[in-house]
Amino acid sequence: LPSFVPNKAATACDALFLLAEATGDDVWVERYALPNLRRVLEHQVRGGALDGAIAQNSFGARVVAKYFPIYIARCVPALLSAHAWDGDARFADAALRAMAFVARCDTGAGAFPAVIYPGAQRNRFPSWVAPLGDILRAAELLRPYGFSVDMRAAEGRLLAGQDATGGIQTARG
C-alpha cells in the first residue's frame, strides 16, 4: 500500500536542496523535492483548532489524523527552502501555520505533547527533550517571516536536559 510520511519526506527534501546546491543540478529540487513538498501541503489542516497541523502520514488516499508537534516542526526548514527556491508563497504560509500550531501546543513549560489525536486528545509521554532543538530551529528560521513566539521555555527545557557529558536527554517519562 503506498504511504507517505511528511516529516520524513521533508527531511529528504532538505538533503535534496543541498545536493542541488552542491552539484549545480536543479533536477534534485524540480523533480523530487518540490513535488514531495506539495504533498506535504496536502497533509496540512486548514482552519479550526488544528489549523496548521500536518498529519503524520497517509496510506493511499487515507490521511492518518494524528499530529506530532516535533514532526511538524521538522517540515518547516524544507518548506522554507521550497519558498526560497521558487517563490511560491504557499510554502512560507504552510511553514508559518505549522509553527503557529506547534506553538499553540506548548504546555507553558516548554514541553509539547508527543501526539495529538482527533478530538484534541493529547498523549503527553514521552515528553521529548532533545527534539526540542527541531522546534527551536524552525522557530528561528521563521523569524524573518514574522514568527515571534517566545520560545525561551523550550530553550530552557532543552538546556536543562543536558548532562555532564554534554549529551542531551532524549525524553522524560
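## Arginine 46 and its salt bridge

Arginine 46 has a relative accessibility of 44% and therefore counts as partly exposed. This value, like the others in this report, refers to a predicted model. The partner of arginine 46 considered here is aspartate 93: the two residues form a salt bridge in which the closest N and O atoms are 2.8 Å apart. Aspartate 93 belongs to helix H4 (residues 89-105), whereas arginine 46 is placed in the loop between H2 and strand E2 (57-59), so the pair ties together parts that lie 47 residues apart in sequence. Aspartate 93 is likewise partly exposed, its relative accessible area being 30%.

## Further salt bridges

Side chains of opposite charge can pair when their charged atoms come close. In this model, the count of salt bridges comes to seven. One of them joins arginine 90 to aspartate 88, with a distance of 2.7 Å from N to O. The two partners fall into separate accessibility classes: arginine 90, at 44% relative accessibility, is partly exposed, while aspartate 88, at 19%, is counted as buried because the limit for that class is under 20%.

A salt bridge also links the side chains of aspartate 150 and arginine 152, with an N to O distance of 2.6 Å. Aspartate 150 is partly exposed, at a relative accessible area of 45%, and arginine 152 is exposed, at 62%. Elsewhere, salt bridges with shared partners connect Arg46, Asp51, Asp93 and Arg97 into one network.

The relative accessible area of glutamate 30 is 40%, and the residue is accordingly classed as partly exposed.

Asparagine 7 is part of helix H1, which runs over residues 6-23. With a relative accessible area of 3%, asparagine 7 is buried. Setting aside residues up to four places away in sequence, asparagine 7 touches Gln56, Tyr71, Arg74 and Cys75.

Isoleucine 70 lies in helix H3 (residues 69-86) and is buried, at 5% relative accessibility. Beyond residues up to four places away in sequence, isoleucine 70 touches Trp128, Pro131, Leu132, Asp134 and Ile135. The C-alpha atoms of isoleucine 70 and alanine 33 are 21 Å apart in space, and the two residues are separated by 37 residues in sequence.

Valine 102 is located in helix H4, and its relative accessible area of 0% places it among buried residues. Apart from neighbours within four places in sequence, valine 102 is in contact with Pro69, Ile72, Ala73, Phe112 and Ile135. Valine 102 and alanine 53 are 49 residues apart along the chain, and their C-alpha atoms are separated by 7.6 Å.

Alanine 114 is situated in the loop between H4 and strand E4 (115-116). At 8% relative accessibility, alanine 114 counts as buried. When residues up to four places away in sequence are not counted, alanine 114 touches Phe68, Pro69, Asn123, Arg124, Phe125, Pro126 and Trp128. Between alanine 114 and alanine 94, which are 20 residues apart along the chain, the C-alpha atoms are separated by 21 Å.

## Valine 64 in strand E3

Valine 64 has its place in strand E3 (residues 62-64). Its relative accessibility is 11%, and valine 64 therefore counts as buried. Leaving out neighbours within four places in sequence, the contacts of valine 64 are Ala55, Gln56, Asn57, Ser58 and Phe59. Of these, Gln56 is also touched by asparagine 7 of helix H1. The C-alpha atoms of valine 64 and proline 118 are 9.8 Å apart in space, while the residues are 54 apart in sequence.

Definitions and conventions:
Residues are numbered from 1 along each chain as its sequence is written. This is a predicted model: local features need pLDDT of at least 70, side-chain atom pairs count only at pLDDT 80 or more; totals for chains, interfaces and linings use all residues. Side-chain values use heavy atoms; hydrogens and water are left out. Helices (H or I, at least four residues) and strands (E, at least two) are DSSP runs, numbered from the N terminus. Buried means under 20% relative accessible area, exposed over 50%, partly exposed in between (1.4 Å probe, protein chains only). Contact means heavy atoms within 4.5 Å. A salt bridge is a side-chain nitrogen of Lys or Arg within 4 Å of a carboxyl oxygen of Asp or Glu.
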